[in-house]
Amino acid sequence: MLKISVNASYSKNNDKLQYVTSITDFNSEQQFFLGTIDQKTLGLTFRADLNITPELAVQFYGSPFISRGSYSEFKRITSPENNEFDQRFTMLSSIPVDQYLITVYEPGIPLSDYLIRNPDFNFHEFRSNLVARWEFRPGSFIYLVWSSDRKGSNIFSDASLGDSYRMLGELVPNNVFMVKVNYWFSL
């Protein structure tokens with residue numbers, strides 16, 4: 001008997017006040033930086049159960065996961081408890097490269113510069129398990145298990161979904177192999 005199931009999930013997150021980083025300035029004060037994030041996440045879960053005989057069964061579980069996020073509209077927190085949303089922060093100008101050079105202005109005068117690592121991300125992961133179960137005598141089992149995990153990330157948040165899945169194939173997997181034996185003794 002073969003049983004197969006597939007589940008998919010997709011979510012979008014647009015948050016105007018997503019935490020980016022904090023930096024201690026030259027006055028030893030903590031400065032908090034936020035940005036607007038545009039994040040898309042896709043997850044799949046695949047399961048297959050195959051009973052070859054009543055004594056022999058194989059199960060597979062696989063789950064690829066991709067989450068990409070792009071940041072824009074950087075802000076520095078200036079008055080976090082202000083009742084007016086737009087008064088809680090100061091909008092910042094930035095130059096997008098591998099790092100962001102952010103200049104803080106006080107009424108038209110450049111006050112200070114901060115260098116922030118590009119927070120954009122493309123996180124991808126694939127986890128899978130393959131289990132073979134053999135009942136070699138009543139109540140006694142041998143389990144063969146292969147567990148594999150691939151995960152990585154980069155700053156290419158504009159990569160296509162297909163490119164993100166291809167990146168999974170380029171990652172070196174972390175493989176674990178196990179054997180478990182249960183033997184039933186009768187008294």
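Tutor: Two strands are said to pair if DSSP finds at least two bridges between them. The strands themselves (E, at least two residues) and the helices (H or I, at least four residues) are DSSP runs, numbered from the N terminus.

Two remarks on the source come first. The model is predicted, and for that reason local features need pLDDT of at least 70 and side-chain atom pairs count only at pLDDT 80 or more, while totals for chains, interfaces and linings use all residues. Residues are numbered from 1 along each chain as its sequence is written, and side-chain values use heavy atoms, with hydrogens and water left out.

Strand 2 covers residues 30-53. On one side of the pairing list stands strand 1 (2-24), which is joined to strand 2 by 20 bridges in an antiparallel arrangement. Within this pair, Q18 lies opposite G35 of strand 2. Strand 2 also pairs with strand 3, again antiparallel, over 17 bridges. Here F46 has G62 of strand 3 as its bridge partner. Strands 2 and 3 form a hairpin, with 2 residues between them.

Contact means heavy atoms within 4.5 Å. Once neighbours within four places in sequence are set aside, the contacts of L34 are L17, Q18, Y19, V20, E73, F74, K75 and I77. L34 and F89 are 55 residues apart in sequence, and their C-alpha atoms are 8.9 Å apart in space.

Q31, likewise in strand 2, is a second case. It counts as buried because its relative accessibility is 8%. The side chain of Q31 makes a polar contact with that of R76, at 3.0 Å. Such a contact is a pair of N or O atoms within 3.5 Å; within protein, one must be able to donate a hydrogen and the other to accept it, and residues adjacent in sequence count only if both atoms are side-chain atoms.

E73, one of the contacts of L34, is found in strand 3. Its phi is near 45°, a positive value in a residue other than glycine. With a relative accessible area of 42%, E73 is partly exposed.

A nonpolar core is a set of buried Ala, Val, Leu, Ile, Met, Phe, Trp, Tyr and Cys residues joined through side-chain atoms within 4.5 Å. The largest such core holds 8 residues: V20, I23, F33, I37, Y71, F74, L92 and I116. Strand 1, strand 2 and strand 3 (56-77) are the elements that give two or more residues to it. In soluble globular proteins, nonpolar side chains tend to be buried together.

D120 sits in the loop between strand 7 (109-117) and strand 8, and D120 counts as buried because its relative accessibility is 12%.

The rest of the chain gives the setting. The chain has 1 helix and 10 strands, following the pattern β-β-β-β-β-β-β-β-β-α-β along the sequence. Of its 187 residues, 28% are buried. Among contacts with a separation of 6 or more, 61% are between residues 24 or more positions apart.

Further along, strand 8 (residues 121-137) and strand 9 (residues 140-154) pair antiparallel over 15 bridges, with F123 bridged to S153. Strands 8 and 9 form a hairpin with 2 residues between them, and G139 in the turn has a positive phi of about 85°. Strand 9 pairs antiparallel with strand 10 (residues 174-182) as well, over 9 bridges.

Finally, pLDDT is the predictor's confidence in each residue, from 0 to 100. The chain mean is 86, and 87% of residues reach 70 or more. Where pLDDT is low, the predicted coordinates should not be read in detail.

Note on methods. Buried < 20%, exposed > 50% of the residue type's maximum accessible area, 1.4 Å probe, protein only.
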